[in-house]
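Subject: Handover of a structure and summary of findings

Dear colleague,

Please find below the structure I am passing on to you.

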Amino acid sequence: MKKTQKMKLLLLLLPLLVLVACGNSSSDNTIKIGSKDFTENLIVGEIYALALEDQGYNVERVSSIASSIIPQAIESSQIDLYPEYTGTSLLSIFKLPLETNPDQVAQTIREKYEEGGVLTTLDYAPANDSAGIAMKTSVANQYKIKTLSDLQMNAENIRFASQGEFDQREDGIPGLEKVYGPFKFKSSKVYDNSLKYQVLKSDEADATPAYTTEGQLSDKEQFTILIDDKKFWPPYNIVPIVRQDLLKKFPNVPETLNAINKHLTTETMIKLNASVDIDGKDYRQVAKEFYQSIK
């Protein structure tokens with residue numbers, strides 16, 4: 001094996017090796033909470049940790065796990081629970097057919113997780129971090145666009161800021177057009193995803209693919225997220241994935257986390273994400289302030 005190949009393999013395995021080390025050092029009375037390596041998941045994982053600590057549990061935080069290996073981490077007991085998304089479980093982890101009813105998706109994935117006798121889910125939160133399309137609020141108001149159906153009917157007036165792959169993916173324009181009809185935009189140019197809100201703000205485009213809990217959407221005077229009125233995209237509600245053996249040991253955990261999830265709405269997550277990604281606050285401080293506000 002070439003040296004560069006060995007290095008790539010080592011870098012790929014390193015996060016899992018770290019998890020193994022963390023798992024082996026934990027005591028039997030510790031709840032190991034994992035979180036993925038992006039703002040929202042870090043915030044939610046920290047809120048869960050604070051709530052469980054408040055109930056007297058010992059908590060070990062295993063943060064910033066790559067999305068690709070976190071299912072393996074919980075299966076192998078390196079973590080005991082973590083915040084996942086219902087749509088991710090349905091489509092990416094279990095590769096099941098598309099469903100759009102949030103309750104049905106939640107029931108489907110719970111049954112799949114429990115098949116192996118190792119994992120289960122708790123109640124899902126109202127917060128839905130799904131795909132969407134955001135627009136400049138001024139343009140949306142000008143053409144009275146509130147939904148994706150409205151956008152489709154007014155597409156000839158709209159400059160679209162794509163991210164390239166969105167034009168080819170089945171969960172992008174091709175899939176949207178099967179449900180809503182053709183989107184004949186006035187223009188469509190490709191921009192880097194990290195620049196999309198800047199592109200809209202600088203009047204280079206009017207609409208762009210987005211995610212429904214992104215912090216930039218807190219600025220409603222500038223940006224509007226359109227309603228997926230025909231429910232093309234599946235729900236991506238936040239849902240805790242938990243080891244069944246943890247619940248046998250600590251049966252009060254569901255009550256604690258389900259109570260937290262009731263407070264996690266889409267608007268709440270937009271504001272919390274904005275505090276970190278726009279205002280530059282530390283996610284731990286943001287999580288602490290939010291938790292204190294709902295106690």
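The notes below go from the overall fold to one helix, then to the salt bridges and the pockets.

Please bear in mind throughout that this is a predicted model.

Overall fold

The secondary structure of the protein consists of 13 helices and 10 strands. Along the principal axes, the C-alpha trace spans about 60 × 55 × 35 Å. The radius of gyration is 20 Å, which agrees with the value near 19 Å that a compact globule of 295 residues would have. Of these 295 residues, 49% count as buried.

Helix 2

Helix 2 covers residues 39-54, 16 residues in total. The distance from its first C-alpha to its last is 23 Å, close to the 22 Å expected at 1.5 Å a residue. Helix 2 is largely enclosed by the rest of the structure, because 14 of its 16 residues are buried. Just after the helix, Gly56 adopts a positive phi of about 95°.

Salt bridges

Side chains of opposite charge can pair when their charged atoms come close. A search of the whole structure returns 16 salt bridges, and several of them are described here.

In one of them, the side chains of Lys36 and Glu84 meet at 2.7 Å, N to O. Lys36 belongs to strand 1 (residues 30-36) and Glu84 to strand 3 (residues 81-85), so this pair ties together parts that are 48 residues apart in sequence. Are these two partners buried or exposed? Lys36 is buried, at a relative accessible area of 4%, and Glu84 is buried as well, at 1%.

Since Arg61 lies in strand 2 (residues 58-65) and Glu46 in helix 2, the pair ties together parts that are 15 residues apart in sequence. Arg61 counts as partly exposed at 33% relative accessibility, whereas Glu46 is buried at 8%.

A further salt bridge joins the side chains of Arg243 and Asp245, at 3.0 Å from N to O. Here Arg243 counts as buried, with 9% relative accessibility, while Asp245 is partly exposed, with 39%.

Finally, Lys136, Arg159, Asp203 and Asp206 are linked in a network of salt bridges.

What is the volume of the largest pocket? The value is about 1000 Å³. The pocket is lined by 39 residues, and those closest to its centre are Asp129, Ala131, Ala210, Tyr211 and Glu214. Several elements each supply at least two residues of this lining: helix 2, strand 3, helix 4 (86-93), strand 5 (131-136), helix 9 (196-201), strand 8 (207-211) and helix 12 (266-277).

With kind regards

How values were computed: Residues numbered from 1 in each chain as written. Predicted model: local features only at pLDDT ≥ 70, side-chain atom pairs only at ≥ 80, totals over all residues. Heavy atoms only, no water. Helix = DSSP H or I, 4+ residues; strand = E, 2+ residues; numbered from the N terminus. Expected span 1.5 Å × (residues − 1). Buried < 20%, exposed > 50% of the residue type's maximum accessible area, 1.4 Å probe, protein only. Salt bridge = Lys/Arg side-chain N within 4 Å of Asp/Glu carboxyl O. 1 Å grid on protein atoms, 1.4 Å probe; cavity = no way out; pocket = protein on both sides within 12 Å on 5 of 7 lines; lining within 4 Å. Points joined across faces, edges and corners; volume = space filled by probe spheres on them. Rg over C-alpha atoms; globule rule 2.2 N^0.38 Å.
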